[in-house]
Amino acid sequence: MTAGGDIAGMERLAIRSDQDVVRVRQLVRTLAVSVKLSLVDQTKLVTAASELARNTLVYGGGGTVEAGRVDNGRRIGIRIVFADQGPGIPDLDLALTDGYTTGNGLGLGLSGARRLVDEFDISTEVGQGTTISVTKWCR
Amino acid sequence: MERVPVLKIGDILLVSILIDMEDQVALQLQEDLADRIVETGCHGVIIDISALDIVDSFVGRTLATIASVSRVLDAETVVVGMRPAVAITLVELGLSLPGIRTALNVELGMELLARERVDDFIDDLIGDDDQDDADEAVVAAS
Amino acid sequence: MALSTDEVGRFAGLLEADGEALTAAWTDAVSALLRGRLSHAELRRQITDLQNAFQSALSGGATDLEADAAGELRALLSELSNTRARQGFTATETAVSVFALKDAVLTVLDQGATVDAATLRDYVAFSAFVDRAGLFTFDTYVRAREELISGQAEQLLELSTPVVKLWEGVVAVPLVGTLDSARAQVVMERLLQTLVDTGSPYAIIDITGVPAVDTQVAQHILKTVVAARLMGADCIISGIRPQIAQTIVALGIEFGDIATKASLADALRHVLRQTDVRAARRGAGRRES
């Protein structure tokens, strides 16, 4: 799926309420600081994580998140995987188009979250669920 | 459940948004603010987001809602204290905050609100004239 | 190619038995190479430490440099490399200082036992071990130099992107030289932070010193302006030379409603007029309420 790297010591959280979304942010923040991501990169990653966690809750009907450090031999980074068993995304291409958003405006959409990270992988099946994996590397 | 405090400073209500604010707290804030605007008759709302290290779509929606509701109640909103990293992230997303005015800090936010009040006054006086004329009139009158 | 345990044992023995002679020979060899840039006493001390580290690694049973028993040796080699790098020695000079151990061993062997096939095989195996140690210093050296250079590059970046306060509520960023991605990031972040720190609602980005503007540079400047606006500050771009103006139009870059002025002076005048208006309105506002 994604380009190399083993995740060390993944932490797993359930996403069932908006308090959980807060917990996801706190977890990602801590991880980002631990690998010394720059402030701007940290902000981008936590923002993306917050969005994807909220998507998992609101559109995926709840799910899980796993996050941890990755090392591809040359750089270290953070990888976060969101998974739900929700309705899935019927038209993935449309969902990934710039500016596309469901619900009331200002939603970042998947394309927005994608711009904030270095690697973005999504697999989804209608009726089965969605899994999104994002990675941000240290410069 | 914690509540975000709403402070009254003259004709302005000041709110400082907390980091990691939960949905319920945000909704309560919207209600509290609307109540206070009506109760005090204030014409300005300043939302201080300097404690926020990220602004996601939820925060964006909350700010937009507050601004809209306030406007209906004849109060203008200014968001202050956005951190540079947050601004850079929003730009990367291609996201602007439509219909939301911003200022660097509370002081500048209050100046902005005061200017807006004068503009409204001048508009009423002069009518739909060129903004430049209005500016000239104001400079000349001062 | 790792040493066999026997070879390791034999060489540990050799280093111990002829320790003094070895140190002397080694120091002389290196001294000749470095041509007096390091005092003899200092050199002797370094060599002695290194020799002891080799000895303890070998008598500890280290068959190659990666072994646990060779930990202290690796640490010492790294330290030597870093020190030499900082002192301005070349990578080769550092590596050959280690390679010279081979010559020293040869010298001592000549004076001692007969050289037969077995000794020769031993020597070759030991050579490989020393070679590995020398190359290790080379790697460490290169990494140390790279860190030094990137540190200096960062300092240079800091120095070449000043943000100055021009007036009450006005800061200016005179951009000079080519603007690459990395530099643009730094400039952007520093400008935005300065706006917050000084509470300046206006920033003038002067590009008189930027030789050419391509799409990438223009995009970086645009992003900076949009970010500043989101924060509640406004940017004016000044110092646009005729050629740059033509390039911008030719590339189809839209600056939209971002004010652009030919000179820094024009930009300042523009900002001050805005400030006047703001001050006047503030005054009127006070009288009104």
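In which sense do strand S3 and strand S4 of chain B pair, parallel or antiparallel? Keep that in mind as you open this predicted model.

**Stop one: the sheet of chain B**

Select residues 44-48 and 76-80 of chain B. These are S3 and S4, and they pair in the parallel sense over five bridges. Click Gly44(B): its bridge partner in S4(B) is Glu76(B).

Now widen the view. Chain B has an open sheet of five strands, ordered S1-S2-S3-S4-S5, with mixed pairing. Go to S1 (6-9) and S5 (101-103) of chain B. Both stand at the edges with a single partner strand each, so one side of each has no neighbour in the sheet. From one strand to the next, the twist averages 30°.

**Stop two: the helices on the sheet**

Select residues 23-40 of chain B. This is H1, which packs on the sheet and touches S1, S2 and S3 of chain B. Its direction makes about 165° with that of S2(B). Next, pick H2(B). It lies across S3 and S4 of chain B, at about 155° to S4(B).

**Stop three: the contact with chain A**

Show both chains. The contact takes 22 residues from chain B and 24 from chain A. On the chain B side, Asp20(B), Ile54(B) and Leu93(B) lose the most area to chain A. The two chains bury about 2100 Å² between them, 59% of it on carbon and sulfur atoms.

Six salt bridges link the chains. Zoom in on one of them: Arg25(A) with Asp20(B), where the closest N and O atoms are 3.0 Å apart.

Finish on H3(B). This helix gives six residues, the largest share of the side of chain B that touches chain A.

How values were computed. Residues are numbered from 1 along each chain as its sequence is written. Chains are lettered from A and ligands numbered from 1 in the order in which they are written. This is a predicted model: local features need pLDDT of at least 70, side-chain atom pairs count only at pLDDT 80 or more; totals for chains, interfaces and linings use all residues. Side-chain values use heavy atoms; hydrogens and water are left out. Contact means heavy atoms within 4.5 Å. Buried area is the accessible area (1.4 Å probe) that two parts lose on being put together, summed over both. A salt bridge is a side-chain nitrogen of Lys or Arg within 4 Å of a carboxyl oxygen of Asp or Glu. Helices (H or I, at least four residues) and strands (E, at least two) are DSSP runs, numbered from the N terminus. Two strands pair if DSSP finds at least two bridges between them. Axes are lines fitted to C-alpha atoms, for helices over the stretch in contact, and angles run from 0 to 180 degrees between N-to-C directions.
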